[in-house]
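Dear colleague,

Please find below the structure I am handing over to you. My notes on what was found in it follow directly after.

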Amino acid sequence: MRRPQLDIQLKTPEQIELMRAAGLVVARALRRMREAVAPGVSTADLDAIAEATIREAGAVPSFKGYHGFPASICSSVNEQVVHAIPASTQVLREGDLISIDCGAVLNGWHGDAAITVGVGEVEPALLKMAAVAEDAMWAGIAAAARGAASGKGRLTDISHAVETAVRKGGRYGIVDGYGGHGIGTEMHQDPHVLNHGRPGKGPRLVPGLALAIEPMITMGSPRTVELSDGWTVVTRDRSMAVHVEHSMALLDDGVWVLTAEDGGRARLGDLVTSRQTADSPAV
């Protein structure tokens, strides 16, 4: 079923179950990459872990071949914000920050998530920025759940919650022009989900809506430039950046964070759907 205007794809509970399976593949790949991050590891090494994990689950990397993208993950280090291409020559060093964005498609349904990980000993200010982005993402997801439950929620309630959490956390730039998106039978669908804005605008938050929520913040300017490879986005002032993401879906009785191994229970509590209790543990 698709809603008019923005061509928003609403999912049935059964379709959301299928998306959860894809989300768990992504969660497993990200967990394995997080465990592997260390000084001396290349971003190509991490990409190999992701592809092996995804394919052993019977899934396909969403990113590989997408508009010509050559890898299974985006591996953005330090001032790189998003879409950096893994390379054997990009070797992680003590004190780096790396954002790992990963997607998988299983039985025609997509999962998409990102984590930011510190490499070895990292400056506390950088770790705080990563924690602020994480908190902002969860604030956005909680706003979606509450908005759907009230029957009054609108898309920009998510944007406003993300922005409010970032502003509360410190003086950070909220990256211009990039944000979350709908997700389902395609990796990127309507609607676009900004990480800033006034509440109460845009499409209604209703059961069946599946979104990827992904704050991107910097230690400096929110402005970015794309490098000559046609993919890698860096901060214009070369300040450090972080990026986190989860895919989530709204159901009649709550939200399901499809790419969180616990479905979002630890961060969201009773806002999480009862369908989560039927989840088999991730392996």
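Accessible areas come from the Shrake-Rupley method with a 1.4 Å probe, and for residues only the protein chains shown count as cover. On that basis the protein exposes about 11,700 Å², of which carbon and sulfur atoms supply 52%.

This is a predicted model, in which local features need pLDDT of at least 70 and side-chain atom pairs count only at pLDDT 80 or more, while totals for chains, interfaces and linings use all residues. Residues are numbered from 1 along each chain as its sequence is written, and side-chain values use heavy atoms, leaving out hydrogens and water.

Overall fold: the protein contains five helices and 17 strands (DSSP runs of H or I, at least four residues, and of E, at least two, numbered from the N terminus). Of its 283 residues, 54% count as buried (under 20% relative accessible area, 1.4 Å probe, protein chains only). Among contacts (heavy atoms within 4.5 Å) with a separation of 6 or more, 69% are between residues 24 or more positions apart.

Aromatic pair: a search of the whole structure finds one (ring centres of Phe, Tyr or the six-membered ring of Trp within 6.5 Å; planes under 30 degrees apart are stacked, over 60 edge-to-face, the rest tilted). Phe69 and Trp231 form this edge-to-face pair, at 5.0 Å centre to centre and 80 degrees between the planes. Phe69 is buried, with a relative accessible area of 3%.

With kind regards

How values were computed. Buried < 20%, exposed > 50% of the residue type's maximum accessible area, 1.4 Å probe, protein only.
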